[in-house]
Amino acid sequence: MTTLEEIEAKYRLGLDQAWRCGGVPHTAWFEDEYSGTYNAVYTDGDGGAMLFEGYSEIFDEQGITVRLLGCTYCDITYDEIHDIVQELKEAI
């Protein structure tokens with residue numbers, strides 16, 4: 001299982017502990033140079049974290065891959081998930 005700390009270290013996102021448990025949701029954007037995809041890390045401010053990858057193995061550019069990062073659940077609003085998906089679609 002991939003963790004938020006592994007993503008942070010690999011892509012040098014500069015996240016601090018407030019990102020994970022600061023009580024406020026956050027989204028960080030980055031490009032994976034290996035795959036060439038635009039991605040987002042989202043934290044719900046209560047310990048939950050998700051990675052949104054701008055590519056889907058099954059749906060190619062018509063979908064995304066979502067992974068939980070070192071947690072069992074992550075809360076997100078409809079508006080926030082819509083905004084993340086829209087930005088990923090526009091980046092293709």
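Predicted model: local features only at pLDDT ≥ 70, side-chain atom pairs only at ≥ 80, totals over all residues.

Biologist: Thanks! Which strands does α1 lie across, and at about what angle does α1 run to β1?

Modeller: Residues are numbered from 1 along each chain as its sequence is written, and side-chain values use heavy atoms, leaving out hydrogens and water. Helices (H or I, at least four residues) and strands (E, at least two) are DSSP runs numbered from the N terminus, contact means heavy atoms within 4.5 Å, and angles run from 0 to 180 degrees between N-to-C directions of axes, lines fitted to C-alpha atoms, for helices over the stretch in contact. Helix α1 lies across β1, β2 and β3, and its angle to β1 is about 50°.

Biologist: What is the order of the strands in the open sheet?

Modeller: Two strands pair if DSSP finds at least two bridges between them. Here β1 and β4 are the edge strands, each pairing on one side only. Pairing is antiparallel, and the order is β1-β2-β3-β4.

Biologist: In β3, which residue is the bridge partner of Tyr42?

Modeller: Strands β2 and β3 run antiparallel and are joined by five bridges. For Tyr42, the partner in β3 is Met50.

Biologist: Which element gives the most to the lining of the largest pocket?

Modeller: A pocket is an open set of points on a 1 Å grid over the protein atoms alone, where a 1.4 Å probe fits, with protein on both sides within 12 Å along at least five of seven lines; lining residues have an atom within 4 Å of a point. The largest pocket has 16 lining residues, with Asp32, Ser35, Thr37, Glu53 and Arg67 nearest its centre. With four residues, the top contributor is α1.

Biologist: Where is confidence lowest in the protein chain?

Modeller: The chain's mean pLDDT is 86, and 89% of its residues reach 70 or more. Strand β4 is highest at 95, while the lowest mean, 60, belongs to helix α2 (residues 17–21).

Note on methods: pLDDT = per-residue confidence, 0-100.
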